[in-house]
Structures are given as structure tokens and as C-alpha cells.
Amino acid sequence: MSTEPNAAQPSASQAPPKGATLRLFLALWPGPEVRSAALRWQAAQHWPATARLHDAANLHLTLPFIGAVAHAQVPALAAACALPLAPFDLVLDHVEAWPRGVVVLAPSQVPEALLDLHRRLRAAVLAQGLALDDRDYRPHLTLARHAEGLTPVDTGLAPLHWRVSRYVLALSAGGHYSVVQSYPAGER
């Protein structure tokens, strides 16, 4: 398990019951500078009253979304997801309004290194006997949900430049996300 401050590390008294599952996903986890830049893009939009904005702590770029994983299977999954990573650059440069009120910050050009990482992680998860959906991968950082009717505005902000040097295995619980395991570049 990770030693990060927001890592999901249940104490013995909080250990899940035998057979419990955790809702997991792999993601690029931004540092403070990227989070701040994403929040500037978020603040530049004219949100409808219904919009539920993602807070800074929940900002991430999903790689494979895994879903329910038996608690007992998490250590093996975490080990299987430890793949080599060479740092790469990602540029998020425009806001898109998606169906069902989802609003995202997205790249105009997806780096091949990101697509390769996604493919390799997907293969690692599938090799653990877990099912994944077959939807096309559309990398994005979600800014808000329930924002039906939003027309993205040209913010005039500089593109968000993200030097990707790690990815994480994360836990989704009650609308909050926390890091289970961090995988920095060059440590495998």
C-alpha cells in the first residue's frame, strides 16, 4: 500500500468484511500545479445552477476503470499494475460538454505514450481475470457533472501542460477518491 497522505489504508478495526469489494480504477493523479491549472479552467466556465463541480481532491484522468474488486484480490492487482513508465507530456487544451451533463477538460492530441500506458494497464487488469468495458478510450479530466446546457466558453487560458511521471491505483468510495498505490516513473 502507498504511504501517501490520502492513501486508502484501513486500520485493523476498519478492515472490510471477508468477501467485501472495493471500487477501483487506474488514473493519472495530478500534483498541486496541475490541479490549480485545472481549477482555473473550471472557474472560467459559466456553470448552470445544477452543475456539481469536482473539487481539487477528486481531479484525475482515468486510465482503465476497473470497478468492483474483491478485497483479497487487491494486492495481486496492485502488483500486476506495476508497469514501466517513462515520463511524458500531456496537454489539456479545451473544454467539452458530453452527454448527461458531464463537462471535461480534454487534449486535442492524445500522446501515444498515454495510449500505450492505457493499453498495457488494460492488459494487466484483464490478466487478473477482471472484466473491463470495451468503450473507446477518451482521455479527459472531469470538471463537473449535472451541467446540462453548458456551452463551453473559450477561456483564453493557456493550455494545461502536465508532465506525467506517475499513475495510481485509486479507490472510489462515496463520491470521494483516494490513492491505494502510486506508481512513479522509473521505479520498476
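**A tour of the salt bridges**

Select glutamate 96 to begin: this residue is partly exposed, with a relative accessible area of 24%, where partly exposed lies between buried (under 20% relative accessible area) and exposed (over 50%), computed with a 1.4 Å probe on protein chains only. The model on display is predicted, so local features need pLDDT of at least 70 and side-chain atom pairs count only at pLDDT 80 or more, while totals for chains, interfaces and linings use all residues. Residues are numbered from 1 along each chain as its sequence is written, and side-chain values use heavy atoms, with hydrogens and water left out.

Glutamate 96 and arginine 138 form a salt bridge whose closest N and O atoms are 3.6 Å apart; the term denotes a side-chain nitrogen of Lys or Arg within 4 Å of a carboxyl oxygen of Asp or Glu. Glutamate 96 belongs to strand E5 (residues 94-97), whereas arginine 138 sits in the loop between helix H3 (112-127) and strand E7 (141-145), so the pair ties together parts that are 42 residues apart in sequence. Helices (H or I, at least four residues) and strands (E, at least two) are DSSP runs, numbered from the N terminus. Arginine 138 is partly exposed, at a relative accessible area of 45%.

Move on to arginine 163 and aspartate 89. Their side chains meet in a salt bridge of 3.3 Å, N to O. This pair links distant parts of the chain, 74 residues apart: arginine 163 is in strand E8 (residues 160-164) and aspartate 89 in strand E4 (residues 88-92). Aspartate 89 counts as partly exposed, at 48% relative accessibility.

Now select helix H3 and display arginine 120 and aspartate 116. The two form a salt bridge, with the closest N and O atoms 3.0 Å apart. Because they are 4 residues apart in helix H3, about one helical turn separates them. Arginine 120 is partly exposed at 28% relative accessible area, and aspartate 116 is partly exposed at 30%.

Finally, show the whole chain. The structure holds 6 salt bridges. Its protein chain has 3 helices and 10 strands, in the sequence order β-α-β-β-α-β-β-β-α-β-β-β-β. Of the 188 residues, 44% count as buried. Among contacts (heavy atoms within 4.5 Å) with a separation of 6 or more, 78% come from residues 24 or more positions apart. With a surface display, note that the accessible surface of the protein chain comes to about 9700 Å², of which 54% belongs to carbon and sulfur atoms; accessible areas come from the Shrake-Rupley method with a 1.4 Å probe, and for residues only the protein chains shown count as cover.
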